[in-house]
Amino acid sequence: MNKYFVDLALLILRIGSGGLMLTHGVPKISKLFETPIKFSDPIGLGETPSLIFTLIGEVIAPIFIIIGFKTKIASVPAIITMFVAAFIIHLSDPIGKKEKAILYLMCFVVLFLTGAGKYSIDSFKKN
């Protein structure tokens, strides 16, 4: 396949998955200002740390992924967050409930394996 199309596909994957992930993460920012913080604690870290880690995985990491900055590293918190969502939070739910998290997980794993592609800040830093 033409390298141009691969880089274009990675750009579309980064913008699409990162942008859509922001729609899940940005509304959670307001939870930081609730007293007391009420958020699920699926792996026993506490509600506040769980919220902070979720915001890193659903807001900070997707912003880095969209612009293609440290994409492989940024994909790790997104992968962990979606793994927890799919296989811990929604473990007993039907596939229709957890499929969104699994789809995001697959997108972020692909970006971890491939990197950001030519149309990214990562690529400009190499030149």
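This is a predicted model: local features need pLDDT of at least 70, side-chain atom pairs count only at pLDDT 80 or more; totals for chains, interfaces and linings use all residues.

**Helix H1 on its own**

- Helix H1 covers residues 3-25, which makes 23 residues. At 1.5 Å a residue, H1 should span 33 Å, and its end C-alpha atoms are 32 Å apart, so the two figures agree.
- Look at the start of H1: the backbone nitrogen of Tyr 4 has a side-chain oxygen of Asn 2 within 2.8 Å.
- Which residues of H1 are buried? They are Asp 7, Leu 10, Arg 14, Ser 17, Gly 18, Met 21, Leu 22 and Gly 25.
- A handy bit of background: an α-helix has 3.6 residues a turn, so residues three or four places apart point the same way.
- What do the buried residues of H1 pack against? Their partners are helix H2 (47-67), helix H3 (71-89) and helix H4 (95-114).

**Where H1 meets H4**

- The axes of H1 and H4 are 10 Å apart, and the two helices pack at an angle of about 140°.
- Angles over 145 degrees would count as roughly antiparallel, so H1 and H4 are called oblique to each other.
- The crossing of H1 past H4 is left-handed.
- On the H1 side, the contact is made by Leu 10, Leu 13, Arg 14, Ser 17, Gly 18, Leu 20, Met 21 and His 24. H4 brings Lys 100, Tyr 104, Cys 107, Phe 108, Val 110, Leu 111 and Thr 114.

**Zooming in on Arg 14**

- Arg 14 sits in helix H1. Is Arg 14 buried or exposed? Its relative accessible area is 1%, so Arg 14 is buried.
- Setting aside neighbours within four places in sequence, Arg 14 is in contact with Gly 19, Ile 65, Ile 66, Ile 67, Gly 68, Thr 71, Leu 111, Ala 116, Tyr 119 and Ser 120.
- Now find Gly 57: Arg 14 and Gly 57 are 43 residues apart in sequence, and their C-alpha atoms are 14 Å apart in space.

**Helix H2 and Ser 50**

- Ser 50 belongs to helix H2. With 5% relative accessibility, Ser 50 counts as buried, because the cut-off for buried is under 20%.
- A polar atom of the Ser 50 side chain lies 2.8 Å from the backbone oxygen of Gly 46.
- Beyond its neighbours within four places in sequence, Ser 50 is in contact with Phe 39, Ser 40, Asp 41, Pro 42 and Leu 45.

**Where H2 meets H3**

- H2 and H3 pack at an angle of about 145°, and their axes are 8 Å apart.
- H2 also makes a left-handed crossing with H3.
- Residues of H2 that meet H3 include Phe 53, Gly 57, Ala 61 and Ile 65. Among the H3 residues they meet are Thr 71, Ala 74, Ala 78 and Met 82.

- H3 has 19 residues, so at 1.5 Å a residue it should span 27 Å; its end C-alpha atoms are 26 Å apart, which agrees.
- The buried residues of H3 include Thr 71, Ala 74, Ser 75, Ala 78 and Met 82.
- Ile 73 and Ala 101 are 28 residues apart along the chain, and their C-alpha atoms are separated by 19 Å.

Technical notes. Residues are numbered from 1 along each chain as its sequence is written. Side-chain values use heavy atoms; hydrogens and water are left out. Helices (H or I, at least four residues) and strands (E, at least two) are DSSP runs, numbered from the N terminus. The expected span of a helix is 1.5 Å times one less than its number of residues. Buried means under 20% relative accessible area, exposed over 50%, partly exposed in between (1.4 Å probe, protein chains only). Contact means heavy atoms within 4.5 Å. A polar contact is a pair of N or O atoms within 3.5 Å; within protein, one must be able to donate a hydrogen and the other to accept it, and residues adjacent in sequence count only if both atoms are side-chain atoms. Axes are lines fitted to C-alpha atoms, for helices over the stretch in contact, and angles run from 0 to 180 degrees between N-to-C directions. Angles under 35 degrees count as roughly parallel, over 145 as roughly antiparallel, 65 to 115 as roughly perpendicular and the rest as oblique. A crossing is left-handed if the near helix is turned anticlockwise from the far one by less than a right angle, and right-handed if clockwise.
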